[in-house]
Amino acid sequence: MITFDKVIKKFPLGNIALEDISFTIEDKEFVFIVGPSGAGKTTILKLISRELTPNSGTIIVDEFDLSQKKFPQLEKLRRKIGIIFQDFKILIDKNVFENIALALEIFPLTKKKIKEEVKKSLSLVGLTNKEQLFPLQLSAGELQRVAIARAIVGNRKIILADEPTGNLDPKTSWEIMKIFKKIESEKTIIFATHNIDIVNSLKKRVIVLKKGKLVKDLRKGKYEI
Ligand SMILES: Nc1ncnc2c1ncn2[C@@H]1O[C@H](COP(=O)(O)OP(=O)(O)OP(=O)(O)O)[C@@H](O)[C@H]1O
Ligand SMILES: [Mg+2]
């Protein structure tokens, strides 16, 4: 479970990125986060992965209290969380297999087990025969599949997706959504997006942000800003 209670995030120059944000996300929920540019979507995702810490308020992710000043359990938290970005962030000098295997470095696994895990997640995203290829040999849609495989590998239960279809054409975006649909029954998915069609078709929970405030939290929602 993920809980934000009265979370405030300010940046050094005085920008308020999030103002008094509270919500709870249950295990295996699928939640869209929408809102205009600068509304605070990415900031929420970065607080959940503890790339950022709040100025005040409480953030709980399962057994971890991320709002504590000292947080020695960061590696354990990262074993739970996979992140997918708009621009894929795949390492250009590593092949597909290596890119995914890197995400398992923080797990105490044997080489044999790493191989098994990487193959399992590649199969889930439909890239079984591409593990030796390098990023420059892949299409944008394939790169995003690699990123999804990297996010889920190691049986990670929380997936943070920051505009994952933002650089993809509509057809490829829907192919990527099919993979999210495939994994959604096993994962908590928090999906920041500007893609109106995707939000309106999936009819999931929608959290709407505006200028750092949570203005709506809709069940089976529509894209509203
Ligand atoms: N590192 C930073 N330093 C200063 N201000 C920041 C920083 N990161 C974000 N902000 C500010 O916080 C606010 C929220 O930014 P955030 O990136 O969360 O928005 P967003 O909803 O993800 O926008 P977009 O749709 O453009 O990705 C913005 O006003 C932004 O300028
Ligand atoms: Mg953003």
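Predicted model: local features only at pLDDT ≥ 70, side-chain atom pairs only at ≥ 80, totals over all residues.
Let's start with ligand 1. It has 13 residues around it, and the closest are Ser37, Gly38, Lys41, Thr42 and Thr43. If you want to find your way in from the secondary structure, look for helix H1, residues 41-48: it supplies three residues, the largest share of the shell around ligand 1. Sorted by class, that shell is made up of seven polar, four nonpolar and two charged residues.

Now zoom in on the oxygen atoms of ligand 1. One of them is 2.6 Å from an N or O atom in the side chain of Thr43. Gly38 uses its backbone instead, with an N or O atom 2.8 Å from an oxygen atom of the ligand. As for how much of the ligand gets covered, ligand 1 on its own exposes 640 Å², and the protein buries 62% of that.

On to the rings. There are six aromatic pairs in the structure. One of them is Phe64 with Phe71, an edge-to-face pair with 5.9 Å between centres and 85° between the planes. Both of these residues, Phe64 and Phe71, are buried. Elsewhere, you can pick out a single aromatic cluster formed by Phe30, Phe32, Phe180 and Phe191.

Phe11 has the charged end of Lys9 sitting over its ring, 5.3 Å from the centre.

How values were computed
Residues numbered from 1 in each chain as written. Chains lettered and ligands numbered in written order. Heavy atoms only, no water. Phe/Tyr/Trp six-rings, centres within 6.5 Å; stacked < 30°, edge-to-face > 60°. Buried < 20%, exposed > 50% of the residue type's maximum accessible area, 1.4 Å probe, protein only. Lys NZ or Arg CZ within 6 Å of the ring centre and 35° of its normal. Near = heavy atom within 4 Å. Polar contact = N/O pair within 3.5 Å; in protein donor to acceptor, adjacent residues only side chain to side chain. Areas by Shrake-Rupley, 256 points an atom, 1.4 Å probe, with all protein chains shown as cover. Helix = DSSP H or I, 4+ residues; strand = E, 2+ residues; numbered from the N terminus. Nonpolar A, V, L, I, M, F, W, Y, C, P; charged D, E, K, R; others polar.
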